[in-house]
Each structure stands twice: as C-alpha cells, then as structure tokens.
Amino acid sequence: MIDEEKTVRFDWALKRLLRHKADHTILNGFLTSLLGRSIRIERMLESEGNQEYEENKSNRVDMLAEDADGKKIIIEVQNETEDSYFHRMLFGVSKTINEYLERGRGYEEVAKVYSINIVYFKLGEGSDYVYHGKTEFRGIHDGDLLNLSPKLQEKFRMHNVYEIFPEYYILKANDFDRLAITPLEQWMHFLRYSKLPEGANAPGLLEASNELQIAKLTKEQRRDYERYIDNMRSLEDVVESAYSSGHFEGKAEGELQKAVEVAKTAISMGLDDNDISKLSGLPIEEIQKLR
C-alpha cells in the first residue's frame with residue numbers, strides 16, 4: 001500500500017507532473033539551490049529529444065527547459081545502473097545543442113546547456129554526493145588559464161570561456177548521508193527520502209512537499225504511481241537476486257528465468273532494448289520477442 005501522507009518520489013513527479021505544470025516554482029527552487037543563483041524557468045521545450053512516444057524513448061530526456069536568459073536545462077533522473085551513463089550525458093547535451101541551432105545561424109548562437117543528472121545508482125568512484133563539470137583550457141607548459149579577451153567579454157557578455165560550454169551536474173542521491181543545513185543539502189535529503197528535513201527553508205521545497213503529496217493525486221495518477229513503485233520494487237528485487245547468482249553468466253534454467261523476469265519488468269518501465277540487454281544479459285533479439 002502507498003502511504004497517502006507521504007510525498008511522491010521526485011523522479012516520478014519530474015516525468016509525470018512537473019514537466020506539465022505552468023507554475024515552475026518547484027523547479028526554480030531546486031535549480032536555484034543547485035546552481036547558487038536565481039533561476040526562473042521560462043518554458044518547457046518539446047523536441048525530438050524529449051517526445052513521450054514509445055519509439056523515441058531511447059532519445060527522450062526527462063525534462064528539457066529554457067530559463068529566462070535563453071539557457072537550456074536538461075534534467076535526467078536515472079534509477080537503474082547504466083555503464084554508459086557518462087556517454088549518455090554527452091549525447092543528450094550534443095543533441096540539444098544541435099537541435100536548437102537553427103540552420104544559417106552563426107556559432108555564437110550555440111545554446112548554453114546545463115545537464116543536471118540525478119542518479120540513484122553507483123556512478124563512478126568518488127566520496128562526494130554532488131559533482132560539477134565544466135570546460136576550461138590550461139596551458140600545458142605554464143598552467144595558465146585561457147581567458148576571453150576584453151573585446152570578446154563585451155561582445156558575448158560573459159567573462160570566462162567555460163560559460164560558453166555545457167556544464168554538467170551529477171547528484172548522487174543515495175550517497176547523501178549528512179545533516180541537511182544548506183538549501184542544496186535540504187534538496188538532497190528530499191531527493192533521497194521524499195520528505196522534508198527538519199527546519200527546511202530551501203527555495204521551492206515547501207511547495208514540493210505540499211504539491212507532490214500522494215493524497216492530492218487523481219485516481220489515474222495514483223494508479224500510475226502505484227504501478228511505478230511496484231515496478232521499481234520488482235526491478236530491484238530481480239536485479240539483486242540475479243547479481244547474487246552471477247549476473248546471468250551461466251546458462252542454467254533458473255538464471256535464464258531471472259534474466260527474463262528482469263527484461264519483462266524493464267520493458268514495463270519503458271526502457272529501450274539496449275539498456276534492457278545490458279541490465280538482463282539477454283540478446284536484443286530475445287528482448288524483442290518478449291515485447
């Protein structure tokens with residue numbers, strides 16, 4: 001049973017509720033806490049990269065938005081392990097830049113993109129729970145930082161070269177295990193536990209707690225959320241069981257059945273064939289037969 005007094009998981013809300021809301025208070029607060037400056041979402045973007053049709057799931061991002069300054073913001077939430085997730089981040093940014101550079105426009109029109117990735121699996125090796133990546137150029141001999149000239153600073157209305165390039169944020173939700181004091185820490189607590197930390201005052205967080213309550217869902221939304229939670233639990237169970245027996249390395253009938261169970265659950269969650277193959281160990285041809 002779903003506890004009606006709790007708040008829905010942020011990953012489900014991002015894909016089902018927040019991308020369709022006209023009031024972006026929750027997202028503005030989350031992004032402001034993460035980026036350390038005031039962010040105002042101007043509009044949600046629909047493109048080849050975030051269509052909701054089944055055949056486009058391999059390219060869809062969970063959310064693509066544009067802020068008041070015209071910068072593009074990708075938000076992705078990933079629950080299941082994906083070895084090539086860093087590559088996926090790069091692909092999503094590259095695709096967005098390509099889609100929003102109109103034919104005939106100059107390179108100075110390339111959109112600034114922020115790629116924000118909330119992951120609930122072990123990604124890479126590191127002790128922190130939030131990582132930030134940006135592009136800088138340093139001399140290989142002197143170690144100096146390559147900067148924009150005063151002329152280019154004035155022309156492009158920016159001070160640093162990295163402001164031109166995409167920036168990446170990785171939030172490792174399950175790795176957050178400290179007292180939630182700062183706005184970002186409070187949001188990390190919410191992302192991990194789906195509830196407010198004591199004394200929460202981060203931008204957008206109170207609104208998230210109020211608007212994303214399970215009790216406020218429609219009957220259709222509640223059924224969808226319950227199916228999502230059931231699928232998540234099933235996927236976690238079969239994957240954990242499968243890994244404990246060698247991640248389907250053998251050909252025993254029992255291991256094959258576990259692989260099939262993983263694949264069926266992943267299909268019901270809308271994962272694409274390549275991801276399901278990596279997760280279950282089954283050939284893509286076998287996965288297609290299960291659909």
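## Cavities

How many cavities of 30 Å³ or more does a search of the whole structure find? The model is a predicted one, and the search finds 4 such cavities. A general principle lies behind such a search: rolling a probe the size of a water molecule over the atoms shows where empty space is left.

The largest cavity holds about 50 Å³ of space. Its lining consists of Ile74, Glu76, Tyr85, Arg88, Met89, Gly92, Val93, Ser115 and Asn117. At least two lining residues come from each of β3 (72–78), α3 and β4 (113–119), and α3 gives the largest share, with 5 residues. Sorted by class, this lining has 4 nonpolar, 3 polar and 2 charged residues.

## The second largest pocket

The second largest pocket contains about 820 Å³ of space. Its lining is made up of 28 residues, and those nearest its centre are Lys71, Val110, Lys112, Met158 and Glu163.

What classes of residue line the second largest pocket? There are 14 charged residues, 12 nonpolar residues and 2 polar residues in the lining.

## Nonpolar cores

In soluble globular proteins, nonpolar side chains tend to be buried together. In this model, the largest nonpolar core has 47 residues. Those with the most contacts inside the core are Leu18, Ile75, Ile116, Ile118, Leu171, Trp187 and Leu191. Helix α2 (residues 25–35) gives the most to this core, contributing 6 residues. Apart from this core lies another, of 13 residues, which include Ile74, Val113, Tyr168 and Ile170. Ile74 is also one of the residues that line the largest cavity.

Which residues does Ile118 touch, leaving aside those up to four places away in sequence? The contacts of Ile118 are Phe10, Phe30, Ile75, Glu76, Val77, Gln78, Leu171, Ala173 and Leu191. Among these contacts of Ile118 are Ile75, Leu171 and Leu191, which are themselves listed with the residues that have the most contacts inside the largest core.

## A covered helix

Helix α5 (residues 183–193) is mostly covered, with 8 of its 11 residues buried. The buried residues are Leu184, Glu185, Gln186, Trp187, Met188, His189, Phe190 and Leu191. Of these, Trp187 and Leu191 are also among the residues with the most contacts inside the largest nonpolar core.

What covers the buried residues of α5? The covering elements include the helices α1 (10–16), α2 and α6 (205–211), together with the strands β4, β5 (130–133) and β6 (167–172). After α5 comes Ser194, which has a positive phi, near 60 degrees.

## Salt bridges

Side chains of opposite charge can pair when their charged atoms come close. Across the whole structure, 14 salt bridges are found. One of them joins the side chains of Arg43 and Glu66, at 2.9 Å from N to O. This pair links distant parts of the chain, since Arg43 is in strand β1 (residues 41–44) and Glu66 is in strand β2 (residues 63–67), 23 residues apart. Arg43 has a relative accessible area of 42% and is therefore classed as partly exposed, whereas Glu66, at 12%, is buried.

Lys95 counts as buried at 17% relative accessibility, and Glu99 counts as partly exposed at 25%. In another salt bridge, Glu286 pairs with Lys289, with the closest N and O atoms 3.5 Å apart. Because Glu286 and Lys289 are 3 residues apart in helix α10 (residues 284–290), about one helical turn separates them. Glu286 is partly exposed, with a relative accessible area of 36%, while Lys289 is exposed, at 63% relative accessibility. Elsewhere, salt bridges with shared partners join Arg43, Glu66 and Lys72 into one network.

Conventions:
Residues are numbered from 1 along each chain as its sequence is written. This is a predicted model: local features need pLDDT of at least 70, side-chain atom pairs count only at pLDDT 80 or more; totals for chains, interfaces and linings use all residues. Side-chain values use heavy atoms; hydrogens and water are left out. A salt bridge is a side-chain nitrogen of Lys or Arg within 4 Å of a carboxyl oxygen of Asp or Glu. Helices (H or I, at least four residues) and strands (E, at least two) are DSSP runs, numbered from the N terminus. Buried means under 20% relative accessible area, exposed over 50%, partly exposed in between (1.4 Å probe, protein chains only). On a 1 Å grid over the protein atoms alone, a cavity is a set of points where a 1.4 Å probe fits but cannot get out, and a pocket is an open set with protein on both sides within 12 Å along at least five of seven lines; lining residues have an atom within 4 Å of a point. Grid points are joined across faces, edges and corners, and a volume is the space filled by probe spheres set on the points. Ala, Val, Leu, Ile, Met, Phe, Trp, Tyr, Cys and Pro count as nonpolar, Asp, Glu, Lys and Arg as charged, and the others, Gly among them, as polar. A nonpolar core is a set of buried Ala, Val, Leu, Ile, Met, Phe, Trp, Tyr and Cys residues joined through side-chain atoms within 4.5 Å. Contact means heavy atoms within 4.5 Å.
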